[in-house]
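Below is a report on a predicted model of several chains. It covers helices, a sheet, domains and chain contacts.

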Amino acid sequence: MIRNPVHLTLALLAVLGLVALPAASNLEAQGSKGTIKIATQSPLSGGQAALGEGIKLGAQLAVEKFKGNLEKMGYKVALVPYDDQAKPDVGVANAKNIIADKDILAVIGHLNSGVAIPSSEVYKEVSLVMISPANTNPVVTDRGYLNVNRVCGRDDVQGVVGSEFAHATMKAKSVYVIHDKTQYGQGVAEFFKTDAEKKGIKVLGFEGTEEKSNFDPIITPIKAKNPDVIYFGGIYDQAAPFFKQAREKGVRSKFLGPDGMDSSDLTKIAGKAVVGMDYTSAAGPASVLPKAKAFVEEFKKKFGKNPEPYAAEAYDAATVALKAVDAAVKGGKVSREDVATAVRKTKHSGITGDIEFDSKGDRKKALYFVLQVVSDDPAKWGDNKIVKQLTISPPEKK
Amino acid sequence: MDYPLLLGIFPQVLLDGIILGFMYALIALGYTMVYGVLEFINFAHSEIFIVGAFVGVEILLSLRSAGVLDTLPWPLVLLFVLVAGMAISGALAVTVERIAYRPLRTAPRLIPLISAIGVSFFLQDLIRLVESIWRNAFNLVYPTMDQLNYRFELTETIDVPVKSLVVIAAALAMLWVLHVIVNRTTIGTAIRAVAEDQAAASLMGIDVNRIISLTFLIGGAMGGAAGVLFGVQYGLINPYSGFIPGLKAFTAAVLGGIGNIPGAMLGGLVLGLLEAFAASYLSLLTAGAFGAEYKDIFAFSILILILIFRPKGLLGEVVRGRA
Amino acid sequence: MTHAVLAVGLIGVSAWAVAVFPRSVLVFLLFQGSLLFAYVARIPSWLRVTLLGLALLVLMPTIGFFNGYYLEVATQVGIFVALALGLNIVVGLAGLLDLGYVAFFAVGAYSWAIPGSPQANLIFGGNAFPLSAWWFYAFLFVGLMVAAGAGILLGLPVLRLHGDYLAIVTLGFGEVIRVLANNLDKPINLTNGPKGITPIGRPPVPFGMPYSEAFYFLVLLIVAVVILVNRRLENSHIGRAWEAIREDELAAQAMGVPLVRSKLLAFACGASFAGVMGVVFSAKQIFINPESFTFLESIGVLAMVILGGMGSIPGAVLGATVVTVLNLQVLKGLSLWLNELKNAGVTVLGYNLADLPTQLEPAKYERMIFGVILILMMIFRPQGIFPVRRRARELAKQV
């Protein structure tokens with residue numbers, strides 16, 4: 001064993017040099033000519049990994065399915081997954097790494113708006129297009145960047161869809177709003193609350209919680225106040241135990257939630273408690289829309305599980321990205337600006353509806369479904385029935 | 001202010017807090033056991049704990065797919081699952097000690113802490129790797145057993161499910177068993193001797209390594225049992241869901257006076273009650289200005305206050321420790 | 001003499017290699033390693049200073065100009081070096097285990113983010129905010145003072161606490177700050193809660209330099225000042241007092257060390273470095289929200305300090321560098337490389353990597369490998385990479 005630190009450093013350097021230089025020359029020799037890469041950035045480790053991986057898998061499926069066109073033109077197409085660990089600093093460092101790789105022509109990501117906003121500032125430096133499957137925070141597109149688009153809806157749209165439904169269809173007189181203290185959950189919950197109050201619904205309570213397992217202390221006051229509807233702004237892995245525990249404790253209110261509920265795991269976890277609950281989503285149910293059905297089946301066949309929320313959005317986002325690259329590829333070398341411009345011109349009829357971006361990067365018209373859970377069997381998640389359809393355009397920038 | 005409402009929910013909130021408190025106490029026992037002997041925060045305990053929960057869910061799921069879950073008597077099933085969870089978590093804790101902590105026993109106190117953090121990261125993703133290959137799932141759901149979900153309605157507004165009573169009973173039983181082991185048996189005497197002075201204990205013919213392994217075995221087994229009960233009580237686990245309860249339980253252990261077994265129980269109860277009352281009442285009392293999201297701040301502020309006046313925790317020794 | 005030639009040669013060769021192979025992470029590591037060698041080699045100190053200065057002030061920005069990723073890594077390394085040095089004072093010198101250190105980073109970040117963005121208008125009304133960009137430099141000091149104040153605030157109630165009781169209170173403090181930042185969007189909207197604050201103003205930059213270069217130099221400057229302050233502190237009577245407290249509080253008190261003042265000073269000093277870097281971080285990111293300030297970040301910084309060698313300044317620097325580079329480059333590079341092999345359909349032992357199930361996606365297991373590295377480092381080098389000499393002797397004695 002070498003004890004002397006100087007010699008130790010030298011030995012390490014020698015080993016590194018022996019490995020690094022050949023590897024590097026090899027890397028350069030492979031060359032980048034004719035490769036097109038699509039990157040994903042989402043949390044692949046840590047507590048949010050399930051959703052982050054869903055994004056990666058959705059994009060992967062799309063790339064594998066639609067790369068044929070580009071391959072015919074003589075390009076190699078590859079997906080490069082990055083783990084942003086749901087941390088802004090890691091996301092920004094990855095973003096710098098991504099823009100340094102000239103082959104990467106589009107980014108599908110992120111899960112967290114908190115990571116997406118600083119990272120997209122980096123993509124903007126080189127006009128690298130980012131299509132987000134999940135960032136619902138209005139700020140993401142309100143900055144008006146050419147390279148930033150999103151397939152998912154906005155909080156200020158979806159929250160309103162929910163309250164509209166609670167008011168007009170559920171005939172709710174009183175609601176209790178719970179959210180998960182994240183950008184997404186609190187965002188939709190706040191817009192839901194504001195709009196509900198405007199419509200004359202009484203908001204009996206508005207609570208945020210980071211709790212994941214024990215909801216007893218939150219449920220107790222809800223039970224005492226007995227609202228008509230409970231709206232949960234958040235993701236199914238937190239909402240499902242909440243709904244389950246609420247029913248067990250004898251809460252009889254109806255449940256309503258945003259697209260974070262759209263996962264068969266909701267029924268897997270909460271079982272009978274969520275049968276009959278409603279949720280809003282841009283992705284239609286597999287039973288009605290043939291495209292959605294095909295997607296779910298392919299996803300299951302390839303990865304052996306049902307898609308998470310945002311997997312469908314990521315699939316659409318990657319498809320749009322590939323289409324735009326296709327369009328931009330006319331005649332040899334494509335630039336990132338070309339792809340970014342092409343994305344804005346792309347029209348695509350995806351599994352989450354017709355996709356066309358406005359000048360800010362939002363969907364021109366967002367079609368929202370209100371769906372109802374019909375069975376406590378997770379396998380029948382695709383049978384959820386459409387209760388209502390609403391089309392709402394994003395608000396103009398103030 | 002709606003006084004009938006405030007008063008009306010009081011008994012239920014009290015009950016919620018007690019149940020949560022016993023849950024924390026169960027996890028805290030593992031921290032306290034190891035700390036009492038080695039003065040070392042076993043940061044990986046939260047993962048050892050959640051491994052127990054995973055063992056439990058795997059057994060229950062296999063029983064279910066074998067179709068015998070509902071035919072077997074539930075106390076038997078629960079007991080079997082508990083024992084299995086305890087065995088595997090205990091074995092894991094011993095292995096972790098052997099590999100990651102024993103080589104560092106003479107190092108300064110913070111060194112094994114970092115090693116424990118490494119173990120914690122490693123185990124989280126190892127569980128995830130195994131489960132994603134085995135079940136291709138991230139979230140695992142405990143199969144429901146109807147008898148465990150049965151609720152006793154005490155009044156129209158207050159009720160308590162059987163599973164929560166099981167948690168309380170198990171916590172009390174484990175406290176008692178630990179108490180007996182540590183205070184009434186030869187092994188317990190050896191454990192206390194090692195805690196007091198390792199060198200002297202080894203001179204007295206005590207195999208220090210064996211006793212420390214045993215401590216980890218007991219602590220890990222407690223964690224495993226807590227994991228199973230956590231799963232039964234709350235129903236949903238994922239590879240990372242041990243982290244937060246672990247942190248809370250560690251807080252509870254310190255609050256009660258770390259290294260002190262009844263202290264862990266008391267600390268857990270205090271923390272559980274604080275959280276329950278904060279989450280239920282803050283919003284009602286402040287007309288929505290502050291809500292359940294402040295429960296951790298509330299709990300930690302009280303913790304800091306308690307520690308200012310009792311720097312060694314509620315039941316901790318007041319004499320100056322070795323630290 | 002051989003060392004001098006080697007050091008110059010290594011830096012030269014590796015800088016050349018980086019220029020030729022701009023995308024190879026391994027080559028960049030070689031460059032970093034050559035800097036380490038220049039630090040440890042037996043060469044005259046004027047040569048050492050010249051070499052390191054040249055590398056950090058000229059070579060690194062030049063490399064960064066062509067590859068912004070490396071510059072970003074270097075900048076983040078700098079940020080974490082300052083954090084590690086701050087925590088090193090509290091944990092390494094004064095022996096006060098702090099598990100909530102990132103709170104001070106958060107306090108610093110928000111102290112610029114709020115007035116440096118339109119957010120402050122929501123609090124004070126009117127249209128006076130964001131402050132003009134020049135204020136950023138003034139707020140470096142404001143951030144420092146605010147964080148130092150928070151340090152004293154934390155220090156006061158915990159003066160009587162020891163060891164793990166102290167650890168749990170600091171952990172609680174860290175969580176309290178994060179939860180407050182996450183919740184103070186009502187009743188008054190102070191922090192905008194989980195939605196975060198954006199856009200945060202960036203400082204004016206001389207000579208039309210790109211922001212990434214400017215932030216690199218700013219961070220480098222701050223790190224230089226922090227190291228200087230640290231070295232002065234270490235050998236001052238305050239530093240001695242801290243070490244005395246760490247070794248034996250009672251004895252220190254008996255020798256006339258003012259306990260209260262020394263401990264509060266340790267908390268304040270440690271916190272102030274994090275505060276300054278928080279200000280820089282918020283401007284660099286343009287956007288901040290509470291997700292950047294979780295308990296895991298505190299743990300990460302603690303790992304840097306201990307990995308490097310508690311109480312040692314070069315240790316903290318190296319620890320921060322190793323952990324950051326490991327997380328941002330080595331593990332990422334490894335998983336990207338594996339992914340490339342997978343995409344290319346390389347066969348290993350007759351198994352085609354392209355058939356690898358997605359459960360084994362390399363990008364998912366970076367943290368797992370990081371965990372293993374932490375364990376191995378602790379087992380094989382418990383005293384840290386660059387231990388303080390005295391501590392190294394203690395350890396050798398014990399074994």
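α10(A) is mostly covered: 11 of its 13 residues are buried. Buried means that 20 or more other C-beta atoms lie within 10 Å of the residue's own; 12 or fewer makes a residue exposed, anything in between partly exposed, and C-beta atoms are placed from the backbone. Helices (H or I, at least four residues) and strands (E, at least two) are DSSP runs, numbered from the N terminus. The model is predicted: local features need pLDDT of at least 70, side-chain atom pairs count only at pLDDT 80 or more, and totals for chains, interfaces and linings use all residues. Residues are numbered from 1 along each chain as its sequence is written, while chains are lettered from A and ligands numbered from 1 in the order in which they are written.

The buried residues of α10(A) include A:Y236, A:P241, A:F242 and A:F243. Charged side chains are among them too, including A:D237 and A:K244. After the helix comes A:G250, with a positive phi near 90°.

α8(A) is also enclosed. Of its 16 residues, 12 are buried, so the rest of the structure largely encloses this helix. Among them are A:Q183, A:Y184, A:F191, A:F192 and A:A196. The buried residues pack against α5, α7 (155-168), β6 (174-179), β7 (202-208) and β8 (229-233) of chain A. Here contact means C-beta atoms, placed from the backbone, within 7 Å. α8(A) is followed by A:G200, whose phi is positive, near 90°.

The table sets out the helix lengths. The expected span is 1.5 Å times one less than the number of residues.

| Helix | Residues | End-to-end C-alpha distance | Expected span |
|---|---|---|---|
| α10(A) | 13 residues | 18 Å | 18 Å |

## The sheet of chain A

Chain A holds an open sheet of 5 strands in the order β2-β1-β3-β4-β5, with parallel pairing. Two strands pair if DSSP finds at least two bridges between them. The edges are β2 and β5 (148-150) of chain A, each pairing on one side only. From one strand to the next, the twist averages 20°.

Strand β1 (residues 35-42) of chain A runs parallel to strand β3 (residues 104-109) of chain A, and 5 bridges join them.

Which helix lies across β3, β4 and β5 of chain A? Helix α14 (residues 336-345) of chain A does, running at about 35° to β4(A) (129-132). Axes are lines fitted to C-alpha atoms, for helices over the stretch in contact, and angles run from 0 to 180 degrees between N-to-C directions.

## Domains

Domain bounds come from an automatic or database domain assignment. Chain A is divided into domain 1 (35-153 + 289-364) and domain 2 (156-281 + 368-392). Their centres, taken over C-alpha atoms, are 28 Å apart. At their contact, 13 residues of domain 1 of chain A meet 16 residues of domain 2 of chain A. On the domain 1 side, α5 and α12 (290-303) of chain A each supply at least two residues. That side divides into 4 nonpolar, 7 polar and 2 charged residues. Ala, Val, Leu, Ile, Met, Phe, Trp, Tyr, Cys and Pro count as nonpolar, Asp, Glu, Lys and Arg as charged, and the others, Gly among them, as polar.

Chain C is assigned domain 1 (1-66) and domain 2 (70-306). Their centres, over C-alpha atoms, are separated by 31 Å. In contact are 7 residues of domain 1 of chain C and 7 residues of domain 2 of chain C. Helix α3 (residues 45-66) of chain C gives the largest share of the domain 1 side, 6 residues. By class, that side has 6 nonpolar, 1 polar and no charged residues.

## Contacts with chain C

The contact between chains A and C takes 49 residues from chain A and 45 residues from chain C. Which element gives the largest share of the chain A side? α1(A) does, with 16 residues. The chain A side divides into 30 nonpolar, 12 polar and 7 charged residues.

Chain B also touches chain C, with 38 residues from chain B and 37 residues from chain C. α5 (110-134), α11 (243-256) and α13 (295-309) of chain B each give two or more residues to the chain B side. The largest share, 14 residues, comes from α5(B). By class, the chain B side has 27 nonpolar, 7 polar and 4 charged residues.

Key: Two residues are in contact if their C-beta atoms, placed from the backbone, lie within 7 Å.
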